Amino acid sequence: MKLQFWGAARTVTGSMHSLNVNGSHVLLDCGLFQGKRTEAFERNRNFPFEPASVDTVVLSHAHIDHSGNLPSLARHGFEGEIHATSATRDLCKIMLQDSAHIQSLDAAHLNKKNARRNRPLVEPLYTVDDALHAIEHFDGEKYLTPFPVADGVTVTFHDAGHILGSALTVLDLLENGTTVRLGFTGDLGRPNLPILKDPEFMGDVDYLILESTYGGRFHKPMSEVNATLTRVIQSAVNENGKIIVPAFSVGRTQDLVYALHNLFETTSVPQIPIYVDSPLSVDATEIFRLHHECYDRETLDLINKDDDPFGFHRLHYVRSVEESKSLNKNKEPCMIIAASGMCEGGRILHHLTNSIEDPRNTILVVGYMAENTLGKKIVMREPEVRIMGNEYRLKADVIVMNSFSAHADQAETLSYVSQFDRKRLKRVFLVHGDLDQQQKLSAALEGAGFSSVMIPERGQEFDLP
Ligand SMILES: [Zn+2]
C-alpha cells in the first residue's frame, strides 16, 4: 500500500492524495488549486497521473478546494465512482456548476486580452457540461455505514462538523493479509459551532492525514461575532457604505446569515438588505432542509419551532449579470455576499473594483485566504491591489472575522487528536496548511506525545505500513 501527496501539501488548496492498494488507485479529494493564476491554471489542468488510471474517488466535503477539480478529472477520462455523503453530493451539484461558470467567465476575460494582443485563446479549465458529467459519477453515502470502494478498501464516514455533509474518512485497508487503518480528516470542524454537529471521534487509526490550516493559531470566541457584526453594520449605516463579503458560495454564507438573523431578531441593529450574488443563485434552503442528519440538537429544536431557522427569507438572490451590476448603483447601505472565497474569480471581482477605493465601504473577510490570492493581499492591506488587470487603491476598511472559521484551531485540533491511542497511531501526516502553521502544529503535537509527525512535500510517497 502506498500513499502519495499531490495537493494541499505545504499549502491550503488543491486537496488531493493518491492511495494505491491491490493495484487500485483511490483518490482522496480532487480539489481546485488556487494561487498565482498561471501556476493554478497549469496545476489544475495537468494531473500528475493519468486521470483514467483513477479507479475511484473518496470526497471529504463539497468545498471547492477539495471537490473543485473533479470536473477536470472527468473531462480527462476518469470514469469511476465518486463516493461522498448525500449532503456533499447535493451541495456539489450546485458548487461544481457554479465553479464551471466562474471558469468560463475567467477564460472569456483572458481571451478578450489575448485577442487584443494576438495571443492564442485559452479554453476554460472545464465547462458546465464537464461539471454535470462529474456529478453523474457521485453516489450518496450515509455516515457511520461502511462501504467498499475498491478491492481491499472499505470506507466509513464520520461527521467532521465543518460544513453540511463534511466527513472524516476512515479507510480500512487489506493487502496481502496486512491490515491498516488510515484516517483522513479532510477539513476538521470545531465543537460548539452553530447549526452543525461537533466533529465525531473517528476511532483509533494507524495513520492519520490531518489538516493544519490554523495549526498555529487560536480563534477568538464565537461571542465576538455579534460585537463585530454590530460594529460593521452600524458603520455601514452611519456612513452609507456597503459591506462586501467574499464567500464560499455554500457553507460560510449560511453561518453568516444565521448569525445575522439572530442579531436582527434579538437586538436593535438596523436590518440592512443582504444580497447573495452568485450566477446560479440556488436557494440553499432546500439542501439545508433535506439534510437533518447533519444538525445539532439545538438546530433540530429550532427547525421544529421556526420554519425559517436560518433566516434565508432575508436574502435577496441576484441571478442575472444586469442585476448584479445594478447593485453597484445601489445607494443604500447593504451587504453583498459573492463568490469566490479567496477573490480569485467570480462576481466578487466587480464588487471589489467598485467598492475598494471608497473608505465608507467594508470588506468583511470570513474565510481563510491562501498565499498569493487577491484575498490574501486584501487581508494584508496592501495599499494597491491588481484586479482584472487594473490597479486599485485599497481604501475600504478590511475586517477579518476568524471566529466564523469552520476549521479547528490549534487547541481544538490538539483536543481532537488527543483522543487517539498514541501507541497505535504510528504517524501523523500534516496537510492543508501553510508551512509556518504546520511547523507550529507539529511542535504542539510532539509536545503532546505524538512522536512521528511528517509534513509531506508535493509528490512525496510513503509505504503503509
Ligand atoms: Zn473545507
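This is a predicted model: local features need pLDDT of at least 70, side-chain atom pairs count only at pLDDT 80 or more; totals for chains, interfaces and linings use all residues.
**The chain as a whole**

The protein chain contains 14 helices and 21 strands, and its C-alpha trace spans about 70 × 55 × 40 Å along the principal axes. A compact globule of 465 residues would have a radius of gyration near 23 Å, and because the protein chain has 22 Å, the two values agree. Of the 465 residues in the protein chain, 49% are buried.

| Sheet | Strand order | Pairing | 
|---|---|---|
| Seven strands, open | 6-7-8-9-10-19-20 | mixed |
| Six strands, open | 5-4-3-2-1-21 | mixed |

In the sheet of seven strands, strand 6 (147-150) and strand 20 (453-454) stand at the edges, and each has a single partner strand, so one side of each is left without a neighbour in the sheet. Within this sheet, strand 9 (residues 178-184) pairs with strand 10 (residues 207-211) in the parallel sense, over three bridges, and Gly 183 stands opposite Leu 208 in strand 10. Helix 14 (residues 435-447) packs on the sheet, where it touches strand 19 (427-431) and strand 20, and the direction of helix 14 makes about 160 degrees with that of strand 19.

In the sheet of six strands, the edge strands are strand 5 (81-83) and strand 21 (461-463), each of which pairs on one side only. Neighbouring strands of this sheet are turned against each other by 20 degrees on average, with direction ignored. Strand 2 (residues 16-21) and strand 3 (residues 24-28) run antiparallel and are joined by five bridges, and His 17 stands opposite Leu 28 in strand 3.

**A pair of packed helices**

Two packed helices are described by the angle between their axes and by the distance between the axes. The axes of helix 6 (residues 223-239) and helix 7 (residues 252-266) come within 10 Å and cross at roughly 75 degrees. Because angles of 65 to 115 degrees count as roughly perpendicular, helix 6 is roughly perpendicular to helix 7. On the side of helix 6, the residues that meet helix 7 are Val 225, Asn 226, Leu 229 and Thr 230, while helix 7 contributes Ala 259, Leu 260 and Leu 263. Sorted by class, the contact of helix 6 with helix 7 has five nonpolar and two polar residues, and no charged residues.

Definitions and conventions: Residues are numbered from 1 along each chain as its sequence is written. Axes are lines fitted to C-alpha atoms, for helices over the stretch in contact, and angles run from 0 to 180 degrees between N-to-C directions. Helices (H or I, at least four residues) and strands (E, at least two) are DSSP runs, numbered from the N terminus. Angles under 35 degrees count as roughly parallel, over 145 as roughly antiparallel, 65 to 115 as roughly perpendicular and the rest as oblique. Two residues are in contact if their C-beta atoms, placed from the backbone, lie within 7 Å. Ala, Val, Leu, Ile, Met, Phe, Trp, Tyr, Cys and Pro count as nonpolar, Asp, Glu, Lys and Arg as charged, and the others, Gly among them, as polar. Two strands pair if DSSP finds at least two bridges between them. The radius of gyration is taken over C-alpha atoms; the globule rule is 2.2 Å times the number of residues to the power 0.38. A residue is buried if 20 or more other C-beta atoms lie within 10 Å of its own, exposed if 12 or fewer, and partly exposed in between; C-beta atoms are placed from the backbone.
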